[in-house]
Amino acid sequence: MSVPIDRGYLVRTLTDLVRINSINPTLVPGGAGEAEIGEYVASALARAGLDVRKIEPEPGRPSVVGVGEIGLNNNTPNEMVGLEMQLDLAMDLKLPALIHTPHVDKRRGVEMIKGLIEKRTDYNRAHILIDHITEETIEIVRDMGVWVAMTVYPFSKLSPERAVAMVAKYGLDRIMVNSSVDWGESDPLSIPKVVRLMRREGWKERDIERLVWRNPVRFWGQSGRIAETDVVE
Ligand SMILES: [Zn+2]
């Protein structure tokens with residue numbers, strides 16, 4: 001795989017990193033430490049859309065951690081390169097991977113992800129979960145052997161009614177619902193609301209439990225780090 005590189009960005013960033021004084025004060029008395037370079041890295045990561053945390057075990061000597069989902073958000077070639085490398089890593093480590101799909105131009109993003117997974121016949125599709133699937137995108141990925149997740153929101157996006165209607169239409173195999181706490185208004189009780197709606201609609205308890213419990217445990221359990229018996233009394 002070849003990696004396209006934004007040379008201008010790379011050179012600018014490396015120049016800045018060299019220019020900023022970050023001399024370790026325990027090695028050179030009076031060294032500036034990592035405060036300024038930490039600030040620089042934190043803002044670069046934030047601009048890239050990552051959730052940035054600063055850890056400062058010693059005053060003036062911060063470490064910076066950038067946490068982000070894997071997947072596409074702007075459907076750019078660079079995101080595709082990152083996604084493929086991250087999926088390579090997950091597959092090498094035999095770990096399940098959840099792939100974020102964009103909020104804007106979702107259909108195109110899901111088609112790009114599908115293209116990648118179809119090209120990479122070595123990927124274990126049972127280890128891949130495509131997130132934030134809606135009516136618009138489910139048919140693109142439903143027959144691929146991957147898992148799909150529907151993120152249920154209180155107002156916009158996918159309501160409990162729409163998520164349950166999709167389960168009724170597409171079945172309970174390799175599907176789950178999740179909730180989210182993110183940019184817009186979110187509801188951590190989305191899943192109990194899905195359960196309440198399914199009970200009202202007369203779904204079997206066994207099927208409800210499969211959607212909101214056994215399926216997620218089965219998918220994430222492929223990591224070898226979680227088993228239904230670990231979490232059920
Ligand atoms: Zn996401």
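Ile70 has Ile99 in S4 as its bridge partner. The structure is a predicted model, in which local features require pLDDT of at least 70 and side-chain atom pairs pLDDT 80 or more, while totals for chains, interfaces and linings use all residues. Residues are numbered from 1 along each chain as its sequence is written.

Strand S4 (residues 97-100) and S3 are joined in the parallel sense by 2 bridges; strands count as paired if DSSP finds at least two bridges between them. Strands (E, at least two residues) and helices (H or I, at least four) are DSSP runs numbered from the N terminus. An open sheet of 5 strands has the order S3-S4-S5-S6-S7, with parallel pairing. Strand S3 (70-71) and strand S7 (175-178) are the edge strands, each pairing on one side only.

Residues are buried with 20 or more other C-beta atoms within 10 Å of their own, exposed with 12 or fewer, and partly exposed in between, with C-beta atoms placed from the backbone.

Two residues other than glycine have a positive phi. Phi of Lys94 is near 60°, and Lys94 lies in the loop between helix H3 (77-92) and S4. Lys94 is exposed because 11 other C-beta atoms lie within 10 Å. Phi of His132 is also near 60°; His132 is in the loop between S5 and helix H5 (138-141). His132 counts as buried because it has 25 C-beta neighbours inside 10 Å.
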